[in-house]
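Dear colleague,

Please find below the structure that I am handing over to you. My notes on it follow directly after.

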Amino acid sequence: MKKKVLAVLLASAMVASLAACGSKETAEAPAEATEATEEAAEAPAEEAEAPAEEEEEAITATITVWGPSEDQAEENGNWLPTMCEKFAAEHPNWTLTFEYGVCPEGEAKANVTQDVEGAADVYMLANDNIPDLVAAGALAELGGSYLDQVTSTNSESIVASVTYNDAVYAFPFTSNTWFMYYDKSVFTEDDVKSLETMLEKGKVSFPLSNSWYIAAFYAANGGTLYGNGTDEAAGINFGGEAGAAVTDYLVDLAANPNFINDADGAGIAGLRDGSVNAIFSGTWDAAGVQEALGDNMGVAALPTATINGTAGQMKSFMGSKAIGVNPSTENMQVAMALAAYLAGEEAQTAHYEMRNILPTNVNIVLADDPIATAVTEVMKNTSMMQPLVSSMGNYWSPAENMGKAIIAGDVTHDNAAEKTEEMNTAMNTDVAQ
């Protein structure tokens, strides 16, 4: 079947053809591979297993690969095309043509589920897209040594990020979380352990009106999402007295003259002109922060926030970005091997060298990288797994609306408890009873 590519994604499509001859020992039994390919294409939920070691059969195939534009940009080393070409060179019995489409990881579910059969064979995704992609029959389950690759080269939390309904559905390649950047000429390493101390000494910018961030404060005062993140029936617990206390705290935070809501790039802009001394973001802003602060760039995990007189640890959502395989592909053997390669040690190392994308592979050690150190600390002590449950979709709008209402001054100490309950009720609208 000739793969279709959504018109919106073809704007920057590229084609690379690679052909070679010869033989190479690899992991595939031709007869079994044919059966596995057919079964996987017909039954999306079936496990895709890595093949046994046999001489590689001759294959001619066109493989469509989707990823963000940054991974296909010349200034970033053309990471995605470069890795695909290297993959083809390692399989000389395969004649491969690659077609590339632009699709940011966070938009995978929106683009792939529009037309699963016409979508990419292999695509990059944010792990929170997994439930919707699985429901649409758009992700092949991993099995055999492909599953072993994921479980043996990643931490438990990263493996959990790509596990849904007790099955693993994608190959993780980087963590997806946020932490703190700060100006070392303003704050010491001890200062950045407490948000209150920071607000006394300098200007702090935080994306309070962004639903991916505001949860950190409710979690600091005992708020939970679906129990440990997997119990859908438990719902979201951001209400009650504890939740109201957080909303009260945020009303004061927004009114603090040393606080700046980070929206529309205000944080980075403030670091550049000196009007901001700390921001909360992720690896994607590392280059901009380095440019703004130079040698004064500090990186740290999240501070505590003192709510109702008690210091509670702020916690960021933690997930991953990963490579998935479309079960509708007619080339399951090639697609699965390519996905595994793009998330393998060699490709993760190149991703870090080309774009500073932190690897998840535990065999890649970045002891001298302060951002890697901060991310490791976040994952161990100051993060919570972003829930992979279908009802999580109910969280985002109420959380965003709360943050925006606080910034606008529509939430006050007088109505904080009422507004908190309204938010919590909206978040739990469709929770199964």
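Lys321 and Glu105 form a salt bridge, with their closest N and O atoms 3.8 Å apart; the term denotes a side-chain nitrogen of Lys or Arg within 4 Å of a carboxyl oxygen of Asp or Glu. Because Lys321 belongs to strand β21 (residues 316-325) and Glu105 to the loop between β6 (94-102) and α3 (108-112), the pair ties together parts 216 residues apart in sequence. Helices (H or I, at least four residues) and strands (E, at least two) are DSSP runs, numbered from the N terminus. Lys321 is partly exposed, at 22% relative accessible area, whereas Glu105 is buried, at 9%. Here buried means under 20% relative accessible area, exposed over 50%, and partly exposed in between (1.4 Å probe, protein chains only).

Please note that this is a predicted model, in which local features need pLDDT of at least 70 and side-chain atom pairs count only at pLDDT 80 or more, while totals for chains, interfaces and linings use all residues. Residues are numbered from 1 along each chain as its sequence is written, and side-chain values use heavy atoms, with hydrogens and water left out.

The whole structure holds seven salt bridges. Another of them joins Arg355 to Asp71 at 2.9 Å, N to O. Arg355 sits in helix α13 (residues 345-355) and Asp71 in the loop between β5 (59-67) and α2 (79-89), 284 residues apart. Asp71 is buried, with a relative accessible area of 0%, and Arg355 is partly exposed, with 26%.

Finally, strand β12 (residues 179-183) has five of its five residues buried.

Yours sincerely
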